[in-house]
Amino acid sequence: PDRSFSVFGQKMACCQRCAAIYGSMFLLGLLFVALRNRITAPSWRAVGLLALPLVIDGGAQLVGLHESNVVLRLITGAIFAAGVCWLLFPYLETGFAQMRVQIEGRFARLVAEGRARPLYKESGAGGGS
């Protein structure tokens, strides 16, 4: 409880570092939408380096070398989230795009075989909506 934020007088169910990770992932997800065409997946080494501050701070606290504070937990959580998002978001984007192409291809084949109806009407020269 001493490592959790209070929201409206109630303790959160996760620690400050996890709250920083989740909040940063949300914000970085919004940023990724705006910059998706300019971001490529990093190397595993880069992600490992971004995870290192969290590992050092959490590990040092675990073995009793120091007591972490709110600022360190927030910073290390946000840096870790940046590494995870930088790694996962481009891969997810590519994977979902490939799935979409496969699904649309299979659905088009079913429509051509007469086993399914198109989901939308093609707009023709006669107008319509």
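This is a predicted model: local features need pLDDT of at least 70, side-chain atom pairs count only at pLDDT 80 or more; totals for chains, interfaces and linings use all residues.

Modeller: A disulfide is counted here when a pair of cysteine sulfur atoms lies within 2.5 Å. Residues are numbered from 1 along each chain as its sequence is written, and side-chain values use heavy atoms, with hydrogens and water left out.

Searching the whole structure gives 0 disulfides. For cysteine 14, the closest cysteine sulfur belongs to cysteine 18 and is 5.8 Å away, which is too far for a bond. For cysteine 15, the closest cysteine sulfur is likewise in cysteine 18, at 3.5 Å, and this too is too far for a bond. Cysteine 14 has a relative accessible area of 18% and is therefore buried, whereas cysteine 15, at 29%, is partly exposed; buried means under 20% relative accessible area, exposed over 50%, and partly exposed in between, with a 1.4 Å probe and protein chains only.

Phenylalanine 8 is in the loop between strand 1 (6-7) and strand 2 (10-11). Strands (E, at least two residues) and helices (H or I, at least four) are DSSP runs numbered from the N terminus. The phi of phenylalanine 8 is near 55°, a positive value in a residue other than glycine. Most residues other than glycine have a negative phi. With 82% relative accessibility, phenylalanine 8 is exposed.

As for the helices, the axes of helix 2 (residues 44-62) and helix 3 (residues 70-112) come within 9 Å and cross at roughly 155°. Helix 2 is therefore roughly antiparallel to helix 3, a term for angles over 145 degrees. Axes are lines fitted to C-alpha atoms over the stretch in contact, and angles run from 0 to 180 degrees between N-to-C directions. The crossing is left-handed: the near helix is turned anticlockwise from the far one by less than a right angle. Residues in contact (heavy atoms within 4.5 Å) include Trp44, Leu50 and Leu54 of helix 2 and Ile79, Phe80 and Trp86 of helix 3. By class, this contact has 13 nonpolar, 4 polar and 2 charged residues; Ala, Val, Leu, Ile, Met, Phe, Trp, Tyr, Cys and Pro count as nonpolar, Asp, Glu, Lys and Arg as charged, and the others, Gly among them, as polar.

Valine 55 also belongs to helix 2 and is exposed, at 51% relative accessible area.

Key: Angles under 35 degrees count as roughly parallel, over 145 as roughly antiparallel, 65 to 115 as roughly perpendicular and the rest as oblique.
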